[in-house]
Amino acid sequence: MSQNPVLKWWGGFSEKHPSAAKWMREGGLFIIFSYVVTFLKYIMLQFLPAMFSGYADIGWGWPSANVSLFGIDFVWNAIGYSVEQGGMAYLLAYLISSFLGECVNFPLQRNFTFRSHGKLGPQIAGYFLAWVVITIIVNSINCVWVAVASQLVPDFIYNIGTTVLNGGVSMVVFFVVNKIIFADAQPAEVK
């Protein structure tokens with residue numbers, strides 16, 4: 001019975017280079033799961049703002065700084081959105097889609113990518129703290145993106161940009177965070 005050549009190669013590679021094989025497996029699974037979750041977030045961003053349409057005329061944000069970019073005046077916030085950017089409806093949609101996406105991502109990354117068996121409470125706390133920090137960073141950038149892009153392209157296009165931005169920044173930061181919080185008892189063996 002012959003073995004699949006890819007599996008045979010991987011077995012030899014992982015025996016010779018266990019650390020590299022571990023990083024490749026983790027990185028590959030991390031990216032796959034992250035893209036699936038990013039797609040789910042995009043789908044949610046398509047319908048959630050409409051569910052909260054009653055809050056679209058309520059703007060909330062901090063620090064609410066007036067900015068002009070490319071001839072477009074808008075209010076910049078580290079967290080939150082002005083009425084012109086979708087107001088509370090978009091903020092709620094954004095936070096819910098991001099949070100629910102990470103609720104799916106956390107167990108996938110913990111159990112399959114990093115195969116962690118560490119204490120769940122501290123891992124959830126670390127992951128949640130990372131989500132809060134990432135959300136503020138991404139929202140700071142997204143606030144500019146939404147204000148400018150919403151004047152130039154249809155919402156389904158700028159929602160792609162929002163999702164890619166959120167997913168890209170989240171992936172980079174969460175990979176580092178995950179390597180830290182899921183570092184417990186990770187065997188070098190990667191078969």
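Colleague: Which residues make the nonpolar surface patch of about 740 Å²?

Modeller: I32, V36, F39, L40, I43, F47, M51 and V104 make that patch. Keep in mind that this is a predicted model.

Colleague: OK, and which helix gives the patch its largest share?

Modeller: Helix α2, which runs over residues 18-51, supplies 7 residues, the largest share.

Colleague: Take I43 then. Where is I43 found, and is I43 buried, exposed or partly exposed?

Modeller: I43 is in helix α2. Its relative accessible area is 36%, so I43 counts as partly exposed. Buried would mean under 20% and exposed over 50%.

Colleague: Switching topic: how confident is the predictor in the protein chain?

Modeller: The average pLDDT for the protein chain is 88, and 95% of the residues score at least 70.

Colleague: And where is confidence lowest, and where highest?

Modeller: Helix α5 (residues 155-181) is lowest, with a mean of 84. Helix α3 (residues 87-113) is highest, at 94.

Colleague: What about α4? What span should its 33 residues have, and how far apart are its end C-alpha atoms?

Modeller: Helix α4 covers residues 120-152, and at 1.5 Å a residue it should span 48 Å. The end C-alpha atoms sit 44 Å apart, which agrees with that.

Colleague: Where does α4 bend, and by how much?

Modeller: The bend is at N142, and it's about 25°.

Colleague: Now the backbone. Is the peptide bond from W62 to P63 cis or trans?

Modeller: That one is cis, with omega near 10°. P63 itself lies in the loop between β1 (60-62) and β2 (65-69).

Colleague: Is S64 buried, exposed or partly exposed?

Modeller: Partly exposed, because the relative accessible area of S64 is 38%.

Colleague: Which loop holds R115, and what is its phi?

Modeller: R115 is in the loop between α3 and α4. Its phi is near 50°, again positive in a residue other than glycine.

Colleague: Why does R115 count as partly exposed?

Modeller: Because R115 has 32% relative accessibility, and partly exposed is the range between the buried limit, under 20%, and the exposed limit, over 50%.

Terms used:
Residues are numbered from 1 along each chain as its sequence is written. This is a predicted model: local features need pLDDT of at least 70, side-chain atom pairs count only at pLDDT 80 or more; totals for chains, interfaces and linings use all residues. Side-chain values use heavy atoms; hydrogens and water are left out. Patches are made of residues with over 30% relative accessible area and no salt bridge: like charges are joined within 9 Å, nonpolar side chains (Val, Leu, Ile, Met, Phe, Trp, Tyr) within 5 Å. Accessible areas come from the Shrake-Rupley method with a 1.4 Å probe; for residues, only the protein chains shown count as cover. A salt bridge is a side-chain nitrogen of Lys or Arg within 4 Å of a carboxyl oxygen of Asp or Glu. Helices (H or I, at least four residues) and strands (E, at least two) are DSSP runs, numbered from the N terminus. Buried means under 20% relative accessible area, exposed over 50%, partly exposed in between (1.4 Å probe, protein chains only). The expected span of a helix is 1.5 Å times one less than its number of residues. The bend at a residue is the angle between axes fitted to the seven residues ending there and the seven starting there. pLDDT is the predictor's confidence in each residue, from 0 to 100.
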